[in-house]
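Reader: I am new to this structure. Could you walk me through some of its charged residues?

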Amino acid sequence: MGTEADAAAVDLLRSQIPFQTDGEFVLPPRGVGLVLVDLCNGFCTVGAGNLAPVAPNKQISKMVEEAARLSKLFCDRNLPIFAFLDTHYPDKPEPPYPPHCIIGTGEEDFVPDLEWLEKEPNVTIKRKSCIDGYISCIEKDGSSVFADWIGKYQIKTVLVLGICTDICVLDFASSTLAARNIDRVPPLQDVVIYSGGCATYDLPVEIATNIKGALAHPQDLMHHIGLYMAKGRGAKIVDRVVIEP
């Protein structure tokens, strides 16, 4: 957001809708899976598309760094990873958003720092064509590749990183928690969102007012709201991820 007034507005919001984080997440030796939400060029790589950042962005850069760090840690320990990649066909728009992550453009592929995941045997990649990754996994016959993944690896906790905190990450977490509550994803117990491993986009009000139909989307404020909403749905929000001693 950048200005003192913007920072004061975020501080005011946080004072009105505060939440306590759950501190640190200690990575157990088993029973945990890493979920990566849309770490693709179309949302993360500068200039890569309509919904990509137009300039280097600290929040997004940190998210990518943390995703790469934790992905390596999971792969070194042979722990399961489930990666969503937003992918669309040109004849199937996703309103209210402009065309993005169209198949064949490269926008729908992993950011460069995570391309190596495509060759890792413990990684399941799901190309999703809707905002909510959980819904995207449900087939016409009612089966779900995500629920099957949870069951196959007997995952009790999913650690979630990705973009956007208040859109795809929030929707996935909310649906997964709702499914957990009615025993659709056994043996899942907890959805843990790593705040430093998530990001959202920045569209300041002074720019949004000059774009027809656009809604202002100040980054820090919406990141906070996304985490707040996820916490309210039952997710655990953590500040740090550490290795079990």
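Author: Here are some questions and answers about salt bridges, a surface patch and a serine. This is a predicted model, in which local features need pLDDT of at least 70, side-chain atom pairs count only at pLDDT 80 or more, and totals for chains, interfaces and linings use all residues. Residues are numbered from 1 along each chain as its sequence is written, and side-chain values use heavy atoms, with hydrogens and water left out.

Reader: How many salt bridges does the structure hold?

Author: A salt bridge is a side-chain nitrogen of Lys or Arg within 4 Å of a carboxyl oxygen of Asp or Glu. By that rule, the number of salt bridges in the structure is eight.

Reader: How are Asp76 and Lys72 separated in helix H3?

Author: Their side chains meet in a salt bridge at 3.0 Å, N to O. Helices are DSSP runs of H or I with at least four residues, strands are runs of E with at least two, and both are numbered from the N terminus. Because Asp76 and Lys72 are four residues apart in helix H3 (residues 58-76), their separation is about one helical turn.

Reader: Is Asp76 buried or exposed?

Author: Buried means under 20% relative accessible area, exposed over 50%, and partly exposed in between (1.4 Å probe, protein chains only). Asp76 has a relative accessible area of 55%, so the word for Asp76 is exposed.

Reader: Which residues are joined with Lys128 into one network?

Author: Lys128 and Asp86 form a salt bridge of 3.1 Å, N to O. This pair links distant parts of the chain, with Lys128 in strand E4 and Asp86 in strand E3, 42 residues apart. Both Lys128 and Asp86 are buried. Through salt bridges that share partners, Lys128 is in one network with Asp86 and Asp38.

Reader: How many residues apart in sequence are the parts tied together by Arg127 and Asp109?

Author: The side chains of Arg127 and Asp109 meet in a salt bridge at 3.0 Å, N to O. Arg127 lies in strand E4 and Asp109 in the loop between E3 and E4, so the parts they tie together are apart in sequence by 18 residues.

Reader: Which backbone oxygen does the side chain of Ser136 reach?

Author: Ser136 lies in helix H4 (residues 133-136). Ser136 is buried because its relative accessible area is 13%. At 2.7 Å, its side chain reaches the backbone oxygen of Gly133.

Definitions and conventions. Polar contact = N/O pair within 3.5 Å; in protein donor to acceptor, adjacent residues only side chain to side chain.
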